[in-house]
Amino acid sequence: MKTPVCDSDVRSGELCSECRAKLKAGKISALDFEVAQILFKINERYNISNASFNKAIDLGRVVLILTTGEVGLLIGKDGKIVAELSHSLGKKVRIAETGGDVKKTIADIVMPARLLGINKVFHDGREVMTVRLARADMVHLPLDLPSLEQVLRSLLEDDVKLSFE
Ligand SMILES: [Zn+2]
């Protein structure tokens, strides 16, 4: 399984000097390490060796887990893996794919709200990405609007605005 820390660190429960430096530099977080350890334990019972865990983001009520691999692997059959993660972290967990299709990443994050589309517009000489969602789905969003915009902004490294139609 791919995680942001070394396998040996996950096994020993302690970060090596290299990973400690990454932690200090903000490249990885304590939450990343925690999630990696939980996933290793889960891997002893369910085979998720092919899973690739990139980063965990604490969104308050929800922890967002990003993978470059298949989202389904970390969700598990009948949602078993995601349920264990959620139980261990004491928060709701959402798995999203990153590094590939931007539209797919956004759809994973806003689920169960439906993504109608994304548009890029120039505003005052800057590019702004408008993420269009169905107004009826506003109540189904996993997060409050400012947090959601903030997450999308940091993830997509783009100025993001949500719009409801
Ligand atoms: Zn390490």
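Colleague: Which residues of α6 are buried?
Modeller: Ile106, Ile109 and Val110 are the buried residues of α6. Buried takes 20 or more other C-beta atoms within 10 Å of a residue's own, exposed 12 or fewer, and partly exposed lies in between, with C-beta atoms placed from the backbone. This is a predicted model: local features need pLDDT of at least 70, side-chain atom pairs count only at pLDDT 80 or more, and totals for chains, interfaces and linings use all residues. Residues are numbered from 1 along each chain as its sequence is written.

Colleague: How do you know that the buried residues of α6 line one face of the helix?
Modeller: Look down the axis of α6: its buried residues fall within an arc of 85 degrees, so they line one face. The arc is taken from the directions from the helix axis to the C-beta atoms.

Colleague: What covers the buried residues of α6?
Modeller: The cover includes β2 (62-67), β3 (92-97), β4 (115-123), β5 (126-133) and α7. Helices (H or I, at least four residues) and strands (E, at least two) are DSSP runs, numbered from the N terminus.

Colleague: Why are α6 and α7 called roughly antiparallel?
Modeller: Helix α6 (residues 102-110) and helix α7 (residues 145-156) have axes that cross at roughly 150 degrees and come within 12 Å. Angles over 145 degrees count as roughly antiparallel (under 35 roughly parallel, 65 to 115 roughly perpendicular, the rest oblique). The two helices are therefore roughly antiparallel to each other.

Colleague: Which residues make the contact of α6 and α7?
Modeller: From α6 come Val102, Thr105, Ile106 and Ile109; from α7 come Val151, Leu152, Leu155 and Leu156. Contact means C-beta atoms, placed from the backbone, within 7 Å.

Colleague: What makes Met138 count as exposed or buried?
Modeller: Met138 has 12 C-beta neighbours inside 10 Å, so Met138 counts as exposed. Its place is the loop between β5 and α7.

Colleague: How far apart are Met138 and Asp78?
Modeller: They are 60 residues apart in sequence and 26 Å apart in space, C-alpha to C-alpha.

Colleague: What joins Met111 and Pro112?
Modeller: A cis peptide bond does, with omega about 5 degrees. Pro112 sits in the loop between α6 and β4.

Definitions and conventions. Axes fitted to C-alpha atoms, helices over the stretch in contact; angles between N-to-C directions. Contact = placed C-beta atoms within 7 Å.
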